Amino acid sequence: MCSIEDFMCRFSPISKRTNVVCNFVDVTQPENLWYVKLLLPEVLPLTCVFSSSGNLIDLIPGFSRESMLYIEDAISNDAANLDFHYNRRYNSDKLSFIRYANIAIRMYLDYTRKDSTSINIDSLYQIVENPYLLYLKASRLLAKGDTINARHAASKFLSCDSAIYFIRFHKEFLYANHLVDPSYTWDRAPVLDLSSQVIDMGTCDIFNSYPISFSISNIGYKPLEIAMIYPSCSCIKLAEPSPQVINPHCSATISATIAVDVEGYMEREIHIISNDKVQPLHSLTVIAHVK
(Lines give C-alpha, C1' and ligand atoms only; values in the text may rest on other atoms or scores of the structure.)
Protein backbone atom coordinates (compact mmCIF):
# COMPACT_ATOMS: atom_id res chain seq x y z
CA MET A 1 0.00 0.00 0.00
CA CYS A 2 1.41 3.39 -0.98
CA SER A 3 1.98 6.23 1.45
CA ILE A 4 -0.17 9.36 1.53
CA GLU A 5 2.83 11.32 0.26
CA ASP A 6 3.25 9.00 -2.75
CA PHE A 7 -0.44 9.18 -3.58
CA MET A 8 -0.55 12.97 -3.28
CA CYS A 9 2.45 13.30 -5.56
CA ARG A 10 0.48 11.59 -8.33
CA PHE A 11 -2.88 13.08 -7.43
CA SER A 12 -1.75 16.70 -7.05
CA PRO A 13 -1.93 17.59 -10.78
CA ILE A 14 -5.48 16.17 -10.93
CA SER A 15 -6.47 18.16 -7.85
CA LYS A 16 -5.22 21.40 -9.41
CA ARG A 17 -7.00 20.78 -12.72
CA THR A 18 -10.32 19.70 -11.24
CA ASN A 19 -10.52 21.79 -8.06
CA VAL A 20 -11.55 18.94 -5.77
CA VAL A 21 -11.28 18.35 -2.03
CA CYS A 22 -9.20 15.29 -1.10
CA ASN A 23 -9.54 13.48 2.25
CA PHE A 24 -7.48 10.50 3.38
CA VAL A 25 -8.58 7.67 5.68
CA ASP A 26 -6.07 5.25 7.19
CA VAL A 27 -7.90 1.93 6.97
CA THR A 28 -5.29 0.22 9.15
CA GLN A 29 -6.71 2.06 12.18
CA PRO A 30 -9.40 0.11 14.09
CA GLU A 31 -11.98 2.90 13.87
CA ASN A 32 -11.69 2.89 10.05
CA LEU A 33 -11.74 -0.85 9.32
CA TRP A 34 -15.44 -0.69 8.46
CA TYR A 35 -14.56 1.00 5.15
CA VAL A 36 -12.71 -2.11 4.00
CA LYS A 37 -15.38 -4.47 5.35
CA LEU A 38 -18.21 -2.64 3.58
CA LEU A 39 -16.47 -1.66 0.33
CA LEU A 40 -14.52 -4.93 -0.09
CA PRO A 41 -11.54 -3.62 -2.08
CA GLU A 42 -9.20 -6.21 -3.53
CA VAL A 43 -6.45 -3.59 -3.87
CA LEU A 44 -5.46 -0.60 -1.75
CA PRO A 45 -5.42 2.36 -1.91
CA LEU A 46 -9.06 2.78 -2.88
CA THR A 47 -10.27 6.14 -4.20
CA CYS A 48 -13.93 6.97 -3.52
CA VAL A 49 -15.16 9.76 -5.78
CA PHE A 50 -18.14 11.70 -4.40
CA SER A 51 -20.33 14.27 -6.11
CA SER A 52 -20.75 17.77 -4.67
CA SER A 53 -24.04 16.58 -3.14
CA GLY A 54 -22.26 13.78 -1.25
CA ASN A 55 -23.26 10.79 -3.39
CA LEU A 56 -20.65 8.17 -4.20
CA ILE A 57 -20.17 8.10 -7.97
CA ASP A 58 -17.13 5.86 -8.46
CA LEU A 59 -14.73 3.43 -6.75
CA ILE A 60 -11.26 3.22 -8.25
CA PRO A 61 -8.68 0.87 -6.71
CA GLY A 62 -4.95 1.10 -7.16
CA PHE A 63 -2.12 3.55 -7.48
CA SER A 64 -1.13 3.16 -11.13
CA ARG A 65 -1.08 5.89 -13.77
CA GLU A 66 -4.13 4.22 -15.27
CA SER A 67 -5.96 4.54 -11.93
CA MET A 68 -5.16 8.26 -11.84
CA LEU A 69 -6.57 8.75 -15.34
CA TYR A 70 -9.80 7.02 -14.33
CA ILE A 71 -10.04 9.14 -11.17
CA GLU A 72 -9.73 12.31 -13.21
CA ASP A 73 -12.30 11.03 -15.71
CA ALA A 74 -14.82 10.28 -12.95
CA ILE A 75 -14.31 13.71 -11.37
CA SER A 76 -14.55 15.57 -14.68
CA ASN A 77 -17.67 13.73 -15.87
CA ASP A 78 -19.31 13.41 -12.45
CA ALA A 79 -20.05 9.77 -13.32
CA ALA A 80 -18.58 6.30 -12.90
CA ASN A 81 -16.10 5.07 -15.49
CA LEU A 82 -17.46 1.68 -16.49
CA ASP A 83 -14.27 0.72 -18.34
CA PHE A 84 -12.51 0.32 -14.99
CA HIS A 85 -14.07 -2.62 -13.18
CA TYR A 86 -14.41 -3.10 -9.44
CA ASN A 87 -14.44 -6.22 -7.27
CA ARG A 88 -15.80 -9.05 -9.45
CA ARG A 89 -16.11 -11.54 -6.59
CA TYR A 90 -19.59 -10.46 -5.60
CA ASN A 91 -21.36 -11.05 -8.94
CA SER A 92 -22.51 -7.45 -9.17
CA ASP A 93 -21.93 -4.94 -11.97
CA LYS A 94 -20.11 -1.74 -11.06
CA LEU A 95 -23.16 0.55 -11.00
CA SER A 96 -25.05 -1.89 -8.76
CA PHE A 97 -22.05 -2.08 -6.44
CA ILE A 98 -21.85 1.71 -6.24
CA ARG A 99 -25.58 1.87 -5.48
CA TYR A 100 -25.00 -0.73 -2.73
CA ALA A 101 -22.01 1.22 -1.36
CA ASN A 102 -23.97 4.48 -1.16
CA ILE A 103 -26.71 2.81 0.85
CA ALA A 104 -24.31 0.73 2.97
CA ILE A 105 -22.21 3.73 4.04
CA ARG A 106 -25.31 5.68 5.05
CA MET A 107 -26.67 2.67 6.90
CA TYR A 108 -23.43 2.12 8.80
CA LEU A 109 -23.24 5.75 9.89
CA ASP A 110 -26.83 5.51 11.10
CA TYR A 111 -25.97 2.36 13.05
CA THR A 112 -22.97 3.93 14.75
CA ARG A 113 -25.08 6.92 15.75
CA LYS A 114 -27.78 4.50 16.92
CA ASP A 115 -30.30 6.35 14.79
CA SER A 116 -33.38 4.56 13.59
CA THR A 117 -32.92 3.60 9.95
CA SER A 118 -35.38 2.41 7.37
CA ILE A 119 -32.68 0.65 5.32
CA ASN A 120 -33.46 -3.04 4.93
CA ILE A 121 -30.27 -5.06 5.27
CA ASP A 122 -31.83 -8.08 3.55
CA SER A 123 -32.63 -5.96 0.49
CA LEU A 124 -29.10 -4.57 0.51
CA TYR A 125 -27.68 -8.10 0.78
CA GLN A 126 -29.55 -9.03 -2.40
CA ILE A 127 -27.59 -6.37 -4.29
CA VAL A 128 -24.17 -7.45 -2.96
CA GLU A 129 -23.79 -10.59 -0.84
CA ASN A 130 -21.38 -9.06 1.65
CA PRO A 131 -21.25 -11.15 4.87
CA TYR A 132 -20.46 -8.05 6.91
CA LEU A 133 -24.08 -6.93 6.43
CA LEU A 134 -25.26 -10.10 8.19
CA TYR A 135 -22.91 -9.38 11.08
CA LEU A 136 -24.29 -5.82 11.37
CA LYS A 137 -27.82 -7.20 11.34
CA ALA A 138 -27.03 -9.70 14.10
CA SER A 139 -25.33 -7.11 16.32
CA ARG A 140 -28.16 -4.61 15.78
CA LEU A 141 -30.84 -7.16 16.63
CA LEU A 142 -28.97 -8.25 19.75
CA ALA A 143 -28.68 -4.61 20.86
CA LYS A 144 -32.47 -4.38 20.56
CA GLY A 145 -32.89 -7.51 22.70
CA ASP A 146 -34.10 -9.73 19.83
CA THR A 147 -31.86 -12.70 20.62
CA ILE A 148 -33.71 -15.26 18.47
CA ASN A 149 -33.44 -13.29 15.22
CA ALA A 150 -29.91 -12.14 16.13
CA ARG A 151 -28.81 -15.78 16.35
CA HIS A 152 -30.55 -16.53 13.05
CA ALA A 153 -28.62 -13.70 11.36
CA ALA A 154 -25.38 -14.87 13.02
CA SER A 155 -25.97 -18.42 11.75
CA LYS A 156 -26.44 -17.10 8.21
CA PHE A 157 -23.24 -15.11 8.59
CA LEU A 158 -21.37 -18.24 9.70
CA SER A 159 -22.62 -20.10 6.62
CA CYS A 160 -20.43 -17.71 4.58
CA ASP A 161 -17.33 -19.16 6.27
CA SER A 162 -14.33 -19.37 3.95
CA ALA A 163 -10.63 -18.77 4.38
CA ILE A 164 -10.74 -15.50 2.42
CA TYR A 165 -13.69 -14.18 4.43
CA PHE A 166 -12.13 -15.32 7.69
CA ILE A 167 -9.08 -13.11 7.19
CA ARG A 168 -11.29 -10.10 6.52
CA PHE A 169 -13.95 -10.83 9.19
CA HIS A 170 -11.92 -12.61 11.86
CA LYS A 171 -13.37 -10.71 14.84
CA GLU A 172 -16.90 -10.93 13.42
CA PHE A 173 -16.72 -14.72 13.05
CA LEU A 174 -15.68 -15.05 16.68
CA TYR A 175 -18.60 -12.80 17.72
CA ALA A 176 -21.10 -14.78 15.64
CA ASN A 177 -19.89 -18.15 16.94
CA HIS A 178 -20.28 -16.98 20.53
CA LEU A 179 -23.72 -15.56 19.75
CA VAL A 180 -24.93 -18.86 18.30
CA ASP A 181 -23.19 -20.95 20.97
CA PRO A 182 -22.01 -19.10 24.11
CA SER A 183 -19.78 -22.04 25.04
CA TYR A 184 -18.00 -22.03 21.67
CA THR A 185 -14.19 -22.13 21.68
CA TRP A 186 -11.56 -22.44 18.96
CA ASP A 187 -10.05 -25.59 20.46
CA ARG A 188 -11.98 -27.94 18.18
CA ALA A 189 -11.41 -25.92 15.00
CA PRO A 190 -8.91 -26.71 12.21
CA VAL A 191 -5.35 -25.67 13.06
CA LEU A 192 -2.59 -25.30 10.47
CA ASP A 193 0.94 -26.27 11.44
CA LEU A 194 3.98 -25.78 9.18
CA SER A 195 6.90 -28.19 9.27
CA SER A 196 9.22 -25.18 9.21
CA GLN A 197 8.97 -21.40 9.21
CA VAL A 198 12.20 -21.07 7.21
CA ILE A 199 13.60 -23.02 4.27
CA ASP A 200 17.36 -22.43 4.22
CA MET A 201 18.76 -23.44 0.83
CA GLY A 202 22.35 -22.76 1.85
CA THR A 203 24.72 -21.69 -0.92
CA CYS A 204 23.29 -21.74 -4.46
CA ASP A 205 24.61 -21.00 -7.95
CA ILE A 206 23.02 -18.08 -9.76
CA PHE A 207 20.70 -18.75 -12.74
CA ASN A 208 19.89 -22.27 -11.57
CA SER A 209 16.56 -23.71 -10.36
CA TYR A 210 16.26 -25.72 -7.16
CA PRO A 211 13.50 -27.90 -5.70
CA ILE A 212 12.00 -26.96 -2.32
CA SER A 213 9.25 -28.54 -0.25
CA PHE A 214 7.43 -28.11 3.04
CA SER A 215 4.70 -29.88 4.95
CA ILE A 216 1.31 -28.54 6.04
CA SER A 217 -0.37 -30.42 8.89
CA ASN A 218 -3.83 -30.12 10.37
CA ILE A 219 -3.42 -30.60 14.12
CA GLY A 220 -7.01 -29.52 14.79
CA TYR A 221 -10.27 -31.42 14.94
CA LYS A 222 -12.06 -30.25 11.79
CA PRO A 223 -11.05 -30.30 8.10
CA LEU A 224 -8.50 -27.65 7.16
CA GLU A 225 -9.40 -25.84 3.94
CA ILE A 226 -6.49 -24.41 1.98
CA ALA A 227 -7.87 -21.48 0.01
CA MET A 228 -4.63 -20.31 -1.56
CA ILE A 229 -0.87 -20.78 -1.58
CA TYR A 230 0.95 -17.92 -3.24
CA PRO A 231 4.63 -16.99 -3.39
CA SER A 232 5.84 -13.41 -3.01
CA CYS A 233 7.83 -13.76 -6.23
CA SER A 234 7.23 -15.30 -9.65
CA CYS A 235 10.58 -17.06 -9.29
CA ILE A 236 8.80 -19.68 -7.14
CA LYS A 237 6.58 -22.11 -9.02
CA LEU A 238 4.37 -24.65 -7.27
CA ALA A 239 4.83 -28.14 -8.68
CA GLU A 240 1.10 -28.95 -8.59
CA PRO A 241 -2.19 -27.46 -7.36
CA SER A 242 -2.32 -27.12 -3.59
CA PRO A 243 -4.54 -29.53 -1.62
CA GLN A 244 -8.03 -28.20 -1.10
CA VAL A 245 -8.72 -30.01 2.19
CA ILE A 246 -6.48 -31.64 4.81
CA ASN A 247 -8.34 -33.86 7.25
CA PRO A 248 -7.73 -33.71 11.02
CA HIS A 249 -4.34 -35.11 12.08
CA CYS A 250 -3.22 -35.47 8.45
CA SER A 251 -0.50 -33.73 6.46
CA ALA A 252 0.26 -32.73 2.87
CA THR A 253 3.61 -32.03 1.25
CA ILE A 254 3.91 -28.97 -0.99
CA SER A 255 6.64 -29.07 -3.64
CA ALA A 256 7.94 -26.17 -5.69
CA THR A 257 10.94 -24.94 -7.63
CA ILE A 258 12.75 -21.64 -7.13
CA ALA A 259 14.79 -19.92 -9.83
CA VAL A 260 17.81 -18.20 -8.34
CA ASP A 261 18.35 -15.01 -10.32
CA VAL A 262 20.04 -12.54 -7.95
CA GLU A 263 23.51 -12.61 -6.46
CA GLY A 264 24.16 -12.34 -2.75
CA TYR A 265 21.61 -12.88 0.00
CA MET A 266 18.16 -13.82 -1.31
CA GLU A 267 14.93 -13.94 0.69
CA ARG A 268 11.45 -14.84 -0.59
CA GLU A 269 8.14 -15.71 1.10
CA ILE A 270 5.35 -18.22 0.54
CA HIS A 271 1.92 -17.36 1.98
CA ILE A 272 -0.84 -19.83 2.87
CA ILE A 273 -4.46 -18.79 3.40
CA SER A 274 -6.69 -21.29 5.20
CA ASN A 275 -9.70 -21.60 7.49
CA ASP A 276 -7.47 -21.84 10.57
CA LYS A 277 -9.61 -19.87 13.02
CA VAL A 278 -6.75 -18.49 15.08
CA GLN A 279 -4.29 -17.65 12.28
CA PRO A 280 -5.85 -17.73 8.80
CA LEU A 281 -2.68 -16.41 7.11
CA HIS A 282 0.60 -18.29 7.56
CA SER A 283 3.91 -17.48 5.90
CA LEU A 284 7.25 -19.19 5.53
CA THR A 285 10.54 -17.71 4.33
CA VAL A 286 12.93 -19.13 1.74
CA ILE A 287 16.51 -17.92 2.08
CA ALA A 288 19.68 -18.58 0.11
CA HIS A 289 23.19 -17.25 -0.37
CA VAL A 290 23.77 -16.98 -4.12
CA LYS A 291 27.17 -16.95 -5.74
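Q: In this predicted model, in which helix does Asn 102 lie, and is Asn 102 buried or exposed?
A: Asn 102 lies in helix α4, which spans residues 94-112. Once residues up to four places away in sequence are set aside, Asn 102 touches Asn 55 and Leu 56. Its relative accessible area is 19%, and because the limit for a buried residue is under 20%, Asn 102 in helix α4 is classed as buried.

Q: Which residues does Glu 72 contact, leaving aside its neighbours within four places in sequence?
A: The place of Glu 72 is in helix α3, made up of residues 65-77, and with a relative accessible area of 18% Glu 72 is buried. Between Glu 72 and Ser 15 there are 57 residues of separation in sequence and 8.6 Å in space, taken C-alpha to C-alpha. Leaving aside neighbours within four places in sequence, the residues in contact with Glu 72 are Ile 14, Arg 17 and Thr 18.

Q: How is α6 oriented relative to α7, roughly parallel or roughly antiparallel?
A: The axes of α6 and helix α7 (residues 147-158) come within 8 Å of one another and cross at roughly 165 degrees. Because angles over 145 degrees count as roughly antiparallel, α6 is placed relative to α7 as roughly antiparallel.

Q: How many nonpolar residues does the contact of α6 with α7 have?
A: α6 passes α7 in a left-handed crossing. On the α6 side the contact includes Pro 131, Tyr 132, Leu 134 and Leu 141, and on the α7 side it includes Ala 150, Ala 153, Ala 154 and Phe 157. By class, this contact of α6 with α7 has two polar and two charged residues, while the nonpolar residues number 11.

Q: Into which classes do the residues of the contact of α6 with α9 divide?
A: α6 passes α9 in a left-handed crossing. The contact is formed by Tyr 132, Tyr 135, Ala 138, Ser 139 and Leu 142 from α6, together with Glu 172, Tyr 175 and Leu 179 from α9. These residues divide into six nonpolar, one polar and one charged.

Q: What is the C-alpha to C-alpha distance in space between Thr 257 and Tyr 132?
A: Thr 257 has its place in strand β9, residues 251-259, and counts as partly exposed at 37% relative accessibility. Apart from neighbours within four places in sequence, Thr 257 is in contact with Tyr 210, Pro 211, Cys 235, Ile 236 and Lys 237. Tyr 132, by contrast, is 125 residues from Thr 257 in sequence, and the C-alpha to C-alpha distance is 39 Å.

Q: What is the phi of Asp 78, and what is that of His 249?
A: Most residues other than glycine have a negative phi. Neither residue is a glycine, yet the phi of Asp 78 is positive at about 55 degrees, and that of His 249 is positive and near 60 degrees.

Technical notes
Residues are numbered from 1 along each chain as its sequence is written. This is a predicted model: local features need pLDDT of at least 70, side-chain atom pairs count only at pLDDT 80 or more; totals for chains, interfaces and linings use all residues. Side-chain values use heavy atoms; hydrogens and water are left out. A crossing is left-handed if the near helix is turned anticlockwise from the far one by less than a right angle, and right-handed if clockwise. Helices (H or I, at least four residues) and strands (E, at least two) are DSSP runs, numbered from the N terminus. Contact means heavy atoms within 4.5 Å. Ala, Val, Leu, Ile, Met, Phe, Trp, Tyr, Cys and Pro count as nonpolar, Asp, Glu, Lys and Arg as charged, and the others, Gly among them, as polar. Buried means under 20% relative accessible area, exposed over 50%, partly exposed in between (1.4 Å probe, protein chains only). Axes are lines fitted to C-alpha atoms, for helices over the stretch in contact, and angles run from 0 to 180 degrees between N-to-C directions. Angles under 35 degrees count as roughly parallel, over 145 as roughly antiparallel, 65 to 115 as roughly perpendicular and the rest as oblique.
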